[in-house]
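Student: I have a structure to go through, and I would like to know how its terms are applied. Can we take them one by one?

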Amino acid sequence: MFTPMTRAFVFLIFSFSMCLLSLESRLSAQQPPTKPDFLRQLHLQALESKQTDWIHWGDRPDRFSNWTNHSNRLIPVYCFGVQLSEVSGANSVYRSGEGLKKLYGQTPLETLNPNAEYFDQTNLFHLQQQAFAAGKKHVILMVFDGMDWQTTQAAAVYKNQKIVYTEGRGTGLSFLDYRGGDSQFGFCVTSPHHDSHDVDVDSQTISPDQTGGRTGGYSAEFGGATPWSQPGDPSYLMGQRKNIPHIVADSAATATSLTTGHKTYNASINIGIDGSQLETIAHQQQQKGFAIGVVTSVPICHATPACAYAHNVSRNDYQDISRDLLGLKSASHRTQPLEGVDVLIGAGWGENNADDRKKQGNNYEPGNPHLTESDLKKIDVESGGRYVVATRTAKQNGAEVLQRAADRAAENGQRLFGFFGVDGGHLPYQTADGDFNPTRGMSKGERYTENDISENPTLAQMTSAALQVLEKNETGFWLMVEAGDVDWANHNNNIDDAIGAVLSGEAAFDVVIEWVEENSNWDETAVIVTADHGHMLVIKDLSKLIAPEESQEVVTE
């Protein structure tokens, strides 16, 4: 039998418990209900039905997908601190037969256009050169790999939950809205010189051109005069119009255009059509005392980051590409290695491949296909190398691991190398709603553990760390930042992942702009935001990107 004191104590505990339940109930009532992930569901429905009335990839409106590759779409360019008028409109190389012959080695079919407003991707290299020549101390090239105008528009509509634009530069994302540095908008042709060669990575030689005369070029009639124009023949943009078979570019050829100003063959890492090694903007500025940085969300040696600095006849010779980036002897620099970049941060950690000699040659070392254990040890300051090394570490927050390394490198005037990622060689994919739970596309969806998320920094955090180290160079720096997962999402025909990738790249852009405004100014800094190529995403009903209960108001600029 309970004593009076025991009964009082029990009553007190009971009353306290009821108060907690009441408080929890009130708090729950104050919280908005969790919205279902409508975009994920729409994507899955379209994928499973294999046909849909609102979205498709390719030139078949009756099929969800008949294309998972790149396209020859015109791609957008957003400039801050440099003038696009010098290369666009009346100054476009596509209005000059002589200019086109110099660019392609001939005047490609249906490519001369006296009314072209677009310019060529190689012009962006020259704009970077001009920026430095004009006295800029910092030039930052941001490449949203695979982000064409349509993918950008989709991200803006989803983020703002209304149809914010249907043509032009657009609005609704920070790199669309920001107007610092006398910002300008334009669009360019990405077509390569010609298709890939047979190559020998051991000797670093290429075979004669085997493309049968097929070259790059661009037809506004069939591809569209602007990125938002309805193409005269969508199959042309996929390189499938037989009478005008302009080659579709890969990321290696397009990135080489951005960094060297030369058109070349697909799969080339800064190798010219004659097999010669091309000098990049990074090489030029490094010789003048500038620091060089490369940041990417995909493997450090993939095509776009590789073209910032490396030389290789094949984009697949990953370990040698990493050696060039890190200043080690490689197949392309056997006796005298390149100087190496000052900051390299990206993914590729944790991958393993016993044998990749067919692609990477006889010097391939089994293990991580992107960077060997022996090379990682060589570059580490703890072993006498020049890089403070930060790698994904079990049970440690990735952003904090990278930040500690950046602090040390900046304080001691050392280089910085960051190596992170998940299975597949990239950072965790962010979906449109900001979660890291990608659904399946044309291939199965990825699944991440809590450690996969916590042990990796974001692209924005990588960008911040790079700037912290690079800014210590009083002469200045050149930095490439690649949001590489936009391309991977579009290859996978995954609109949820594609929008998420654009938004994670936008966050990196925000870091760049914050750095410029707090540590520099637009008199001494230039930023170029672009893509390397497009895909074939077609959204026929943009309102599907808006949650059903939201407004579908169209806002004009």
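Tutor: Start with axes: these are lines fitted to C-alpha atoms, for helices over the stretch in contact, and angles run from 0 to 180 degrees between N-to-C directions. Helices (H or I, at least four residues) and strands (E, at least two) are DSSP runs, numbered from the N terminus. This is a predicted model, in which local features need pLDDT of at least 70, side-chain atom pairs count only at pLDDT 80 or more, and totals for chains, interfaces and linings use all residues. Residues are numbered from 1 along each chain as its sequence is written, and side-chain values use heavy atoms, with hydrogens and water left out.

Student: What makes α4 roughly parallel to α9?

Tutor: The axes of α4 (residues 123-133) and α9 (residues 251-260) cross at roughly 25° and come within 6 Å. Angles under 35 degrees count as roughly parallel, over 145 as roughly antiparallel, 65 to 115 as roughly perpendicular and the rest as oblique. Therefore α4 is roughly parallel to α9.

Student: Which residues of α4 and α9 meet?

Tutor: L124, F125 and Q128 of α4 meet S257, L258, T259 and T260 of α9, where contact means heavy atoms within 4.5 Å. By class, three of these residues are nonpolar, four are polar and none is charged. Here Ala, Val, Leu, Ile, Met, Phe, Trp, Tyr, Cys and Pro count as nonpolar, Asp, Glu, Lys and Arg as charged, and the others, Gly among them, as polar.

Student: Why is α9 called largely enclosed?

Tutor: Buried means under 20% relative accessible area, exposed over 50%, partly exposed in between (1.4 Å probe, protein chains only). In α9, 10 of the 10 residues are buried, so the helix is largely enclosed by the rest of the structure. One of them is T254, whose relative accessible area is 0%.

Student: What does T254 touch?

Tutor: Leaving aside neighbours within four places in sequence, T254 is in contact with Q121, T190, A249, D532 and H533.

Student: How do you know that T463 is buried?

Tutor: T463 has a relative accessible area of 0%, so T463 counts as buried. This residue lies in α17 (residues 459-470). Not counting residues up to four places away in sequence, T463 touches V295, V481, A508, V511 and V512.

Student: What follows α9?

Tutor: G261 does, and its phi is positive, near 80°.
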